[in-house]
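Have a look at the chain and its fold first, and then we'll start with a question.

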Amino acid sequence: MVMAMTLRQLQYLVTIVDSGSFTRAAERLHVSQPALSRQLQSLERSCGGPLVERGARPVLLTALGRAVLPHARAALAEVDRADAAARRVSGNQRLELRVATLYSVSFGVLPPALAAWRRERPDVLLSLTEQLHAGDVQEVMTTGEADVAVGPPPVDWAGPVFPLGSEEFVVVLGADDPLVRRAGTHLRLTELAGREWVHYTAPNGLARILDSACANAGFEPRVAVQTQQTATALQLAAAGLGPTLFPANIVPVGLTGRVRTPDPPVHRMLTAYTRRHPDALTTSFIDTLTRHACLVPPHIPSAVGQLGNVVEIPLQRRGNGGN
């Protein structure tokens with residue numbers, strides 16, 4: 001006989017994993033530990049096998065458990081959304097749109113679009129969830145913690161994906177760098193082959209974008225200093241510690257004299273994506289985002305259409321899509 005899993009059982013599984021033990025999970029749920037164990041066993045029978053490794057401290061998921069957990073989280077998130085929708089209809093709660101994105105995208109690409117959205121829909125509360133990696137953004141969407149994601153194209157994504165355009169990168173140099181005084185707005189990356197760079201530590205996905213651009217130019221960047229913080233890299237490069245590669249849409253107006261467009265240009269495709277066909281509110285947000293997202297600010301000379309051999313940075317599953 002096939003047994004149907006229940007939302008309570010899924011809630012128990014998620015709480016066990018998040019708590020790290022059956023004891024703490026039972027305390028959080030205000031149930032006895034034997035009752036918690038019985039519900040988990042019932043869920044395991046429905047799923048066809050054990051979901052957690054018995055006796056492990058903290059609780060560890062089996063392969064089956066790792067496959068089920070994202071769907072359990074998503075199901076519980078949908079219940080929360082249904083409850084929120086019911087309260088909105090009854091006038092007890094404000095409309096909310098949850099957006100998952102990368103830190104660097106929230107700095108440069110999103111602010112103009114969010115400002116336009118605020119003017120159009122002041123009744124809607126926007127909640128931003130910012131992640132280090134594109135894979136983490138996709139994970140947030142998979143588990144139902146956001147309504148729409150903004151970032152590089154997702155990998156193996158079954159839901160709708162809406163292209164936003166190409167984000168451009170620039171080279172930032174110190175004010176006294178000889179290359180700043182040279183005429184022209186473009187800079188061949190091969191001219192920086194022997195230089196020490198302001199680089200990004202591995203948790204920042206921009207590390208791979210810099211490495212890929214330099215590899216395409218035929219060299220491996222030497223490192224003067226590393227930082228996990230995107231904004232810090234800009235300040236260190238401007239201070240003269242070494243060149244860095246940086247999203248053009250975050251460069252402030254006053255720094256344009258130290259910015260050069262790399263040759264070949266370095267771009268990163270950005271998209272918005274949802275788990276299923278978006279509702280009217282999300283569709284309106286994506287439309288505003290498409291019209292107002294700042295991919296290349298007007299004070300930065302664009303390389304689009306000016307140079308060939310554009311370096312497009314491909315996305316891998318985790319940790320490589322940018323910060």
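Is the crossing of α1 and α2 right-handed or left-handed? The crossing of these two helices is right-handed. A crossing counts as left-handed if the near helix is turned anticlockwise from the far one by less than a right angle, and as right-handed if clockwise.

## What you're looking at

This is a predicted model, where local features need pLDDT of at least 70 and side-chain atom pairs count only at pLDDT 80 or more, while totals for chains, interfaces and linings use all residues. Residues are numbered from 1 along each chain as its sequence is written, and side-chain values use heavy atoms, with hydrogens and water left out.

The protein's secondary structure comes to eleven helices and 13 strands. Both are DSSP runs numbered from the N terminus: helices are H or I with at least four residues, strands are E with at least two. Of the 323 residues in the protein, 49% are buried. Buried means under 20% relative accessible area, exposed means over 50%, and partly exposed is in between (1.4 Å probe, protein chains only). Take the contacts between residues at least 6 apart in sequence: 77% of them join residues at least 24 apart. A contact here means heavy atoms within 4.5 Å.

## Helix α1 and its partner α2

Helix α1 covers residues 7–19 and helix α2 covers residues 22–29. They pack at an angle of about 125 degrees, with axes 8 Å apart. The axes are lines fitted to C-alpha atoms, for helices over the stretch in contact, and angles run from 0 to 180 degrees between N-to-C directions. The two helices are therefore oblique to each other. For the labels, under 35 degrees is roughly parallel, over 145 roughly antiparallel, 65 to 115 roughly perpendicular, and the rest oblique.

Who touches whom? From α1, Q11, Y12, T15, I16, D18 and S19 meet F22, R24, A25, R28 and L29 of α2. Sorted by class, that contact has five nonpolar, three polar and three charged residues. Nonpolar covers Ala, Val, Leu, Ile, Met, Phe, Trp, Tyr, Cys and Pro; charged covers Asp, Glu, Lys and Arg; the others, Gly among them, are polar.

The length of α1 works out too: its 13 residues, at 1.5 Å a residue, should span 18 Å, and its end C-alpha atoms are 18 Å apart, which agrees. The expected span is 1.5 Å times one less than the number of residues.

## Bringing in α3

Helix α3 (residues 33–47) packs against α2 at an angle of about 100 degrees, with the axes 9 Å apart. That makes α2 roughly perpendicular to α3. On the α2 side, F22, T23, A25, A26 and L29 make the contact, and on the α3 side Q33, L36, S37 and L40. This contact has six nonpolar, three polar and no charged residues.

α1 also packs against α3, at about 110 degrees and with axes 9 Å apart, which makes this pair roughly perpendicular. α1 passes α3 in a left-handed crossing. Here Q9, L10, Y12, L13 and I16 of α1 meet L36, Q39, L40, S42 and L43 of α3. The residues split into seven nonpolar, three polar and no charged.

T282 sits in helix α11 (residues 280–292) and is buried, with a relative accessible area of 5%. Beyond neighbours within four places in sequence, T282 contacts L97, D147, V148 and T274.

A238 belongs to helix α10 (residues 230–238) and, at 12% relative accessibility, counts as buried. Its C-alpha is 6.3 Å from that of A175, 63 residues away along the chain.

H30 lies in the loop between α2 and α3. H30 isn't a glycine, yet its phi is positive, about 60 degrees. H30 is exposed, with a relative accessible area of 72%. D156, in the loop between β5 (148–151) and β6 (161–172), also has a positive phi, near 50 degrees. At 77% relative accessibility, D156 counts as exposed.

One last stop: the peptide bond from D263 to P264 is cis, with omega near 5 degrees. P264 is in the loop between β11 (259–263) and β12 (266–273).
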